[in-house]
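Here is a report on the secondary structure packing of a protein model. Please look over the sequence and the structure before reading on.

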Amino acid sequence: MHSKTKKIRLMEVCGTHTMAIARSGIRKLLPPEIELISGPGCPVCVTSQEDIDRAIEIARRKDVIMTTFGDMMRVPGNETSFEELKARGADIRVVYSSLDALEAAESNPDKKVVFMGVGFETTSPAIAATVLEAKKRKLKNFFILSNFKVLFPALEVIARSKKVAIDGFICPGHVSVITGTAPYKNFVRKFRKPCVITGFDDRDIVKGIKMLVEQVKNRDPRVEIEYKRVVTEKGNVLARKKCGKVFSVRDSVWRGLGKIKKSGLRLKKEFKSFDGEAHFRVKLPKVKKDKGCICGEVLMGSRSPLECRLFGKVCSPARPVGPCMVSTEGTCAAYYKYR
Amino acid sequence: MMAQKIITMSHGNGGRLMHELIDVLRVKFSNRILNEMADAAELDIKGNRLAFTTDSYVVKPLFFPGGDIGKLAVFGTVNDIAVKGAKPLYISLAFIIEEGLDFLTFERIAKSIQEASRKAGVFVVTGDIKVVERGSADKIFINTAGIGVIEYKGRISSRARKEDAIVINGSIGEHGLAILNARENLGFESSIKSDCRNLNLEVKRCLSKSRKIHVMRDLTRGGLATSLCEIAKSSSLGIEIDEESIPVRKSVQKACDILGFDPLYIANEGKFVCFVSAGDAEKVRRAMSPRARIIGRVTSQHKGKVYLKTRIASSRILPMLESDLLPRIC
């Protein structure tokens with residue numbers, strides 16, 4: 001593309017992009033001066049150890065049915081994982097939609113059904129709809145662990161970091177379907193970093209990279225949409241409205257990035273009766289000292305999975321040490337699977 | 001970590017952890033035939049070459065688009081024998097039934113077994129029934145054994161040869177997705193049906209076209225990728241496949257994109273690959289179903305590994321299945 005040796009560092013924010021890039025082998029085709037850094041866009045991975053341990057403690061209770069997305073099953077907590085707990089007799093169920101959890105609550109009135117909620121702007125509207133439905137059905141035994149996160153405050157942390165020094169962002173198509181371009185415009189105004197909202201097909205991604213490189217070269221940071229067939233400037237207003245009705249923002253701890261202001265969602269007062277965190281006041285086990293896992297730095301983009309001494313040795317998808325190796329969208333899993 | 005090691009669902013999904021269980025057994029029973037680690041054992045009894053296999057079926061739900069547990073049990077057993085280059089003849093069936101199962105359901109499964117065995121041309125010659133308390137099994141499990149006679153004049157083993165072409169008999173990923181869709185009510189197009197069918201007739205046609213077929217494998221758990229990895233390893237040769245040549249239905253690809261699955265790793269119940277001398281590849285392909293394709297070749301480079309040429313002309317290694325999120329698909 002161009003011969004000047006200055007490196008252009010682009011971050012693919014979203015875990016789905018990380019996987020697609022690894023799967024199609026795009027990295028190998030890029031000229032050496034373009035570097036792709038994987039970002040924090042894997043919801044399972046950025047969930048804090050404390051939030052995982054809390055869910056595990058709740059799942060241990062005899063009166064609880066824990067429901068969760070499949071990716072969460074094998075994430076290692078401090079002592080055990082959902083999968084292992086289930087093999088020992090806990091009632092933990094994989095669901096494909098939070099509405100399935102709602103159905104479980106209805107058909108098991110003698111149990112407390114808890115939904116371990118993780119996800120970004122793409123997931124939270126559906127959960128908001130589920131909570132509204134639960135309220136309508138007057139369910140007393142349905143709870144949400146709200147570990148939902150908002151992407152932009154985390155992006156700001158990364159944009160500010162000198163250590164990571166990103167030149168442009170490959171922005172997530174799915175999140176943008178909901179948010180539209182307004183939050184990106186703020187972001188670009190503030191940090192003067194190019195943003196291209198990109199689809200998930202390999203050709204989309206290549207095109208997105210090309211658009212970013214041009215912006216970087218021309219020193220013309222803007223928000224561009226590559227994924228025009230799906231993403232609109234306005235986004236999904238209705239979904240955002242639903243979300244706003246049910247959730248309010250709160251500070252949230254991200255694995256690797258630490259506590260970020262206004263980067264999480266909690267249930268509003270009117271929906272307090274569904275708040276699992278408030279209902280089950282669990283004492284969290286003392287966290288054992290870390291095992292050398294660098295998931296945190298991988299999520300921040302400051303180190304690559306290949307720099308982790310556990311990678312591929314102690315830590316593999318079959319025996320994961322950190323969440324980035326578990327989730328199908330995790331950076332370590334992508335690097336491992338598509339070496 | 002918790003005190004005692006226990007078996008979790010991940011130990012049963014055909015991935016790496018399952019090998020921990022297999023290793024326990026292999027060490028204890030080690031013998032020449034078992035050590036081949038084939039889906040069907042090849043026996044030589046007084047000059048007669050036989051293929052012998054066993055399998056258990058625990059699929060959930062019992063009935064799904066394109067098949068049911070009975071059909072699956074018969075065809076699964078028949079296919080394991082067929083890909084050894086053998087003609088399947090007899091099978092056994094053992095049922096473990098949970099109390100409370102609807103009698104009609106049992107009859108429906110029996111009828112399906114009858115139709116399937118007729119179609120595949122095998123006889124059910126012995127069997128067993130056990131009933132257990134509620135909660136000790138889930139509705140019904142079926143264990144089978146099967147035996148067939150090897151008539152092929154060439155030799156089918158687990159070792160491919162350099163320059164072999166790799167032929168697949170149709171599109172991949174349908175069975176696993178059909179089960180998931182039925183079980184979880186995901187609401188994907190009903191066009192995703194299990195490909196559950198007997199392969200023995202198609203295999204027979206292939207065998208009649210070439211004496212230079214070296215490896216055949218039915219692509220069940222772990223999908224195409226895992227089977228290719230196993231063959232690359234057991235052959236100590238490299239495999240190169242071309243992503244664009246691998247047949248995948250649009251509906252399957254779409255569902256995979258949404259769920260984050262890779263069709264290369266999804267189970268099939270009516271697909272097999274054939275490693276054959278390149279000169280005979282086209283003949284063999286034409287003996288298969290219309291969607292059959294030549295998808296790659298065997299090389300002496302990167303031994304023991306499978307390389308995939310991606311659509312955008314990059315390449316990557318295909319690893320073995322590590323862990324599967326879909327339990328109880330067969």
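The report below covers sheets, helix packing, a hairpin and a disulfide.

This is a predicted model, in which local features need pLDDT of at least 70, side-chain atom pairs count only at pLDDT 80 or more, and totals for chains, interfaces and linings use all residues. Residues are numbered from 1 along each chain as its sequence is written, chains are lettered from A and ligands numbered from 1 in the order in which they are written, and side-chain values use heavy atoms, with hydrogens and water left out.

**The sheet of chain A**

Five strands of chain A build an open sheet in the order β2-β1-β7-β8-β9, with parallel pairing. Strands here are DSSP runs (E, at least two residues), helices are runs of H or I (at least four), and both are numbered from the N terminus. Two strands pair if DSSP finds at least two bridges between them. The edges are β2 (34-41) and β9 (223-225) of chain A; each has a single partner strand, so one side of each is left without a neighbour in the sheet. The twist averages 25° from one strand to the next.

Strand β1 (residues 8-14) of chain A pairs with β2(A) in the parallel sense over 6 bridges. There, C14(A) has G41(A) of β2(A) as its bridge partner. Helix α11 (residues 202-217) of chain A packs on the sheet and touches β1, β2, β7, β8 (195-198) and β9 of chain A. Its direction makes about 170° with that of β8(A). Helix α8(A) lies across β1, β2 and β7 (168-172) of chain A, at about 165° to β7(A). Contact means heavy atoms within 4.5 Å.

**Two helix pairs**

Axes are lines fitted to C-alpha atoms, for helices over the stretch in contact, and angles run from 0 to 180 degrees between N-to-C directions.

| Helix pair | Angle | Axis distance |
|---|---|---|
| α8 (residues 151-160) and α10 (residues 182-191), chain A | about 20° | 11 Å |
| α4 (residues 174-184) and α7 (residues 250-259), chain B | roughly 60° | within 11 Å |

The angle makes α8(A) roughly parallel to α10(A). Angles under 35 degrees count as roughly parallel, over 145 as roughly antiparallel, 65 to 115 as roughly perpendicular and the rest as oblique. The contact includes F152(A) and L155(A) of α8(A) and Y184(A) and F187(A) of α10(A).

In chain B, α4(B) and α7(B) are therefore oblique to each other. Their contact is made by E174(B), L177(B) and L180(B) of α4(B) and V252(B), A255(B), C256(B) and L259(B) of α7(B).

**Strands of chain B**

Five strands of chain B form an open sheet in the order β1-β2-β7-β5-β6, and the pairing is mixed. β1 (41-45) and β6 (123-132) of chain B stand at the edges. The twist averages 20° from one strand to the next. Strands β5 (residues 86-98) and β7 (residues 140-150) of chain B run antiparallel, joined by 11 bridges. L93(B) has T144(B) of β7(B) as its bridge partner.

Elsewhere, β13 (residues 306-309) and β14 (residues 315-318) of chain B pair antiparallel over 4 bridges. K309(B) stands opposite S315(B). The hairpin has 5 residues between the strands, and A313(B) takes a positive phi near 65°.

**The disulfide**

How many disulfides does a search of the whole structure find? It finds 1 over all chains. A disulfide is a pair of cysteine sulfur atoms within 2.5 Å. C42(A) and C45(A) form it, with their sulfur atoms 2.3 Å apart. The link is right-handed, with 70° about the S-S bond.
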